[in-house]
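Me: Hey, could you walk me through this structure? I'd like to take it piece by piece.

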Amino acid sequence: MSNRVLKIGMIGGGGGAFIAQPHQRAIHMDGTRRVVAAALHPDPKVALTEAANWPYPVKGYASYDQLLEEQTTAADGDRLDYMLIVTPNFVHFDPAIKAVKLGLPVMCEKPLCMSLDEADQIVAAVSEKKVPFGVAHTYLGHWTTLFSRHIIRSGLLGDIRWVDSSYIQGWLATKLEDAGNMQASWRTNPQAAGKSGCGGDIGTHALMQLRFLTGLEMVSVSARLENFVPGRALDDHFTVYGKLSNGARAIIRASQICHGHKNDLAIEVVGTKGSLAWRQEEPEAVTIYLPGQPDRKYWRGAVSANDGFLGDLPAWLMAEPKIPSGHNEAFHDAYARLHRFFEADVRAYWEKKPFKNDGSTYANVRDGRIGMAFIDASVASSARDGAWVDVRV
Ligand SMILES: NC(=O)c1ccc[n+]([C@@H]2O[C@H](COP(=O)([O-])OP(=O)(O)OC[C@H]3O[C@@H](n4cnc5c(N)ncnc54)[C@H](O)[C@@H]3O)[C@@H](O)[C@H]2O)c1
């Protein structure tokens with residue numbers, strides 16, 4: 001495989017943006033990919049000025065349409081390898097579908113788009129053009145998430161009976177959107193965020209942890225979308241009781257009004273033989289509870305196969321941590337891992353070789369679509385006082 005550095009085009013990122021920053025650091029972490037082009041802002045002048053003053057060289061564009069348009073005429077060696085979309089939710093669909101139709105791989109921020117209908121259109125375009133498409137559900141990139149998936153999918157916990165997956169924050173406990181906070185402003189606006197505020201923003205992360213670890217779908221939901229801050233148009237508290245595809249039950253909880261909670265994403269998976277617990281604020285450890293045995297705490301980098309609970313461990317999984325335990329990995333490493341796995345698919349795509357893009361190492365477009373179907377069903381259920389609604393998985 002060629003070791004040329006992949007060229008990435010970034011859409012969004014100017015004007016004090018949040019998530020573009022961790023993405024950039026993660027992209028540059030391995031030295032094998034680089035952001036070289038950017039449409040940073042909806043205002044063309046700001047987009048060009050910010051690109052000219054960017055901390056490293058990028059070719060600036062007045063708009064993402066201009067950036068994409070140029071790809072149609074670029075010579076092979078100048079063409080971008082993939083697009084990164086880090087704009088608010090309402091600016092995902094248009095650049096994503098345009099890039100896919102040009103045959104460009106896309107890594108798009110979550111939630112995938114604004115509606116299930118848009119999601120279906122993106123899935124159709126990806127199926128037709130057969131391009132790698134990633135949805136940036138960051139926390140799937142923690143080594144401990146991949147390890148947890150291996151444990152559960154190897155059957156070590158037995159049959160899954162119950163999952164409690166939650167993402168609790170406190171930063172929107174006051175009406176921050178009225179204080180000029182850019183991130184709060186669009187997240188609380190239905191035209192920019194979508195049908196659900198808290199659910200779309202962080203409930204979808206909790207759903208993806210559940211699905212990725214267990215391989216189960218949430219097929220039916222009874223939901224309550226609540227709003228505790230007066231005058232806010234979207235939910236800031238999101239509680240969904242659900243039926244899973246194997247008959248198990250689950251709860252997905254998300255909140256943005258719980259003082260003291262920062263990015264408190266946590267999951268507990270309960271099987272017939274044992275349980276697993278993980279929290280993103282302590283992302284290096286996974287705890288296993290087995291009846292009649294002391295609790296087992298596994299740290300990334302300090303795991304051995306065949307230890308009386310674990311069986312054989314896949315070589316690729318054991319090779320993935322790049323630093324020893326105790327030298328901590330965290331959020332940026334999780335993002336880097338998503339980009340690393342995506343990069344492998346992108347390289348194969350351009351070399352006209354088979355690529356996976358199957359959701360086994362990062363969320364793909366079908367996962368992103370299921371996130372939208374989950375939001376759709378949850379909003380419909382809540383509007384009917386928590387009636388059961390099937391998710392169109
Ligand atoms: N995966 C995660 O953990 C995670 C965390 C935070 C945010 N996000 C997602 O990332 C996305 C961005 O969130 P954020 O908090 O960084 O938002 P933000 O408001 O901080 O940044 C949005 C950026 O998009 C730019 N933008 C808006 N419209 C544009 C256009 N038409 N053309 C070019 N640029 C445009 C803005 O100028 C800004 O640079 C959202 O979809 C959000 O849900 C994901």
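**Chatting through the model**

Reply: Happy to! Let's begin with helix H11 (residues 331–350): 15 of its 20 residues are buried, so the helix is largely enclosed by the rest of the structure. Keep in mind that this is a predicted model.

Me: Does the span of H11 agree with its 20 residues, or disagree?
Reply: It agrees. At 1.5 Å a residue, H11 should span 28 Å, and its end C-alpha atoms are 29 Å apart.

Me: And what follows H11?
Reply: Lys-352, whose phi is positive, near 60°. That happens although Lys-352 is not a glycine. Its place is in the loop between H11 and strand E15 (363–364).

Me: Is Lys-352 buried or exposed?
Reply: Exposed, because 7 other C-beta atoms lie within 10 Å of its own, and 12 or fewer counts as exposed.

Me: Which other lysine has a positive phi?
Reply: Lys-130 has one of about 55°, and it is not a glycine either. You'll find Lys-130 in the loop between H5 and strand E6 (133–135). Lys-130 is exposed as well, with 12 other C-beta atoms within 10 Å.

Me: Switching topic: what domains does the chain have?
Reply: The domain assignment gives domain 1 (6–139 + 336–356) and domain 2 (142–327 + 372–383). Their C-alpha centres lie 26 Å apart. The contact takes 15 residues from domain 1 and 20 residues from domain 2.

Me: What classes of residue are on the domain 1 side of that contact?
Reply: Ten nonpolar, four polar and one charged.

Me: OK, and where does the ligand lie?
Reply: Between domain 1 and domain 2, because both give residues to the shell around the ligand. In total, 26 residues surround the ligand, and the closest are Gly-12, Ala-17, Phe-18, Ile-19 and Glu-109.

Me: Which helix gives the most to that shell?
Reply: Helix H7 (residues 182–187), with three residues. By class, the shell has 14 nonpolar, nine polar and three charged residues.

Me: One more helix, please. Which residues of H3 are buried?
Reply: In H3 (residues 64–71), Tyr-64, Leu-67 and Leu-68 are buried. Seen down the axis of H3, these buried residues fall within an arc of 90°, so they line one face of the helix.

Me: What covers them?
Reply: The cover includes strand E1 (6–11), strand E2 (33–39) and helix H4 (93–101).

Me: Last one: which peptide bond is cis?
Reply: The bond from Lys-110 to Pro-111 is cis, with omega near -15°. Pro-111 is in the loop between strand E5 (106–108) and helix H5 (116–129).

Terms used
Residues numbered from 1 in each chain as written. Predicted model: local features only at pLDDT ≥ 70, side-chain atom pairs only at ≥ 80, totals over all residues. Helix = DSSP H or I, 4+ residues; strand = E, 2+ residues; numbered from the N terminus. Arc of directions from axis to C-beta. Contact = placed C-beta atoms within 7 Å. Near = placed C-beta within 6 Å. Nonpolar A, V, L, I, M, F, W, Y, C, P; charged D, E, K, R; others polar. Domains from an automatic or database assignment. Expected span 1.5 Å × (residues − 1).
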